[in-house]
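Open your viewer and get ready to select a few side chains.

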Amino acid sequence: MTATRLDPFEAGLEATSQLWDRLARPFDLTATAESLLGLAPDVVTELAGLSIATCTEADALLEAMPATLRNLKTSVHATLERCVGELRGPVQWSETLAAQGSSLGNRDVYICSSTRRAYDIEENQVLVAALKAVMRAGNRLRELDAHDAAAADLDRARHNARAARRFLDHRSLESVRLEGRPSTRAIKRTRSGKSARAYRPALAMLDRASEPLALADMAAFCDRRTRVQHGVLLTIIQELERRGLRVPALRAESGSFFAGPVEYLHPRRRRRDGVHGIVIGGVLVDIDDGRRGGSADALASTLQARAHGRAVVPIVGPDDVVAAVDRAIVVARGG
């Protein structure tokens with residue numbers, strides 16, 4: 001990945017955006033937002049629920065549902081039915097003779113093969129999954145009492161959730177059984193099948209639900225200190241790459257953000273031992289609340305108090321990032 005040099009202290013959201021692009025996909029949205037932005041899980045749940053339940057894809061799905069229900073794809077399913085005194089399809093004689101023998105010689109008993117329209121197929125499982133995504137998102141907001149969201153948005157989200165519930169209760173979809181997300185095979189088959197046009201809104205809804213929040217949706221929660229830390233983190237990764245080290249995609253795990261030898265711990269998600277900042281191997285680096293020109297000695301003292309034996313490098317200017325990488329290399333070599 002080509003490194004674009006930037007001043008961490010002037011990065012704004014550019015560094016955060018580049019880190020977001022470096023995420024290993026697919027990723028757990030809640031864990032990622034918690035590690036990268038320090039957001040509490042319930043805040044992410046509220047934001048994601050509101051986004052899913054009020055997105056244009058949800059509106060398009062619900063608006064198209066009356067027509068979709070009239071054009072549902074079905075399959076023909078043959079079932080055996082016990083008939084007394086009447087025939088409802090071709091007689092299955094081996095089963096009929098067995099049934100007559102077990103009914104005290106009653107010759108009016110027949111086992112017939114009847115065909116019925118079946119709705120429990122992969123295309124309709126995709127549709128049900130899309131409707132459930134909208135319904136659950138709206139219900140989740142009700143449980144959380146999302147007080148920070150606009151009343152109009154909450155009303156719209158809950159209205160869409162109720163509409164999705166009504167469509168799920170339709171007799172044509174009641175028999176569709178689905179646990180979890182539809183399989184990759186089901187989605188591919190729906191996307192490329194003859195009835196793809198009717199299921200296009202459902203496919204779009206599932207795509208949106210798989211990654212309900214973009215970085216722009218959470219930008220308001222990214223304060224200046226976090227943005228500057230992201231600038232330092234990105235610059236460290238780019239410096240390591242410039243020196244020939246291949247840094248893997250970013251991933252969130254247990255409240256931390258990892259990229260090869262680099263770990264980022266947001267101040268609001270610090271470890272139990274108090275460690276937070278950016279760890280490069282055996283070196284802890286951090287900024288002074290995002291203020292350029294802070295005292296390096298004072299910051300170094302603060303870092304030492306939470307480093308737990310690690311070497312520390314205070315970051316008070318862009319050039320300190322290179323020094324931090326140099327120090328990490330020396331420490332890794334036993335220096």
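How far is the sulfur of Cys 112 from the closest cysteine sulfur? Select Cys 112 and Cys 83: their sulfurs are 3.8 Å apart, too far for a bond, since a disulfide is a pair of cysteine sulfur atoms within 2.5 Å. Searching the whole structure turns up zero disulfides, and Cys 83 is in none.

Before moving on, a word on what you are looking at. This is a predicted model, where local features need pLDDT of at least 70, side-chain atom pairs count only at pLDDT 80 or more, and totals for chains, interfaces and linings use all residues. Residues are numbered from 1 along each chain as its sequence is written, and side-chain values use heavy atoms, leaving out hydrogens and water.

Now colour by accessibility (buried means under 20% relative accessible area, exposed over 50%, partly exposed in between, with a 1.4 Å probe and protein chains only). Cys 112 is buried at 0%, and Cys 83 is buried at 1%.

Next, the rings. Those of Phe, Tyr and Trp (its six-membered ring) pair if their centres lie within 6.5 Å; planes under 30 degrees apart are stacked, over 60 edge-to-face, the rest tilted. There are two aromatic pairs by this rule.

Trp 20 is buried at 6%, and Phe 27 is buried at 18%.

Finish at Trp 93 and Tyr 110, an edge-to-face pair with centres 6.3 Å apart and planes at 80°. Trp 93 is exposed at 52%, while Tyr 110 is partly exposed at 22%.
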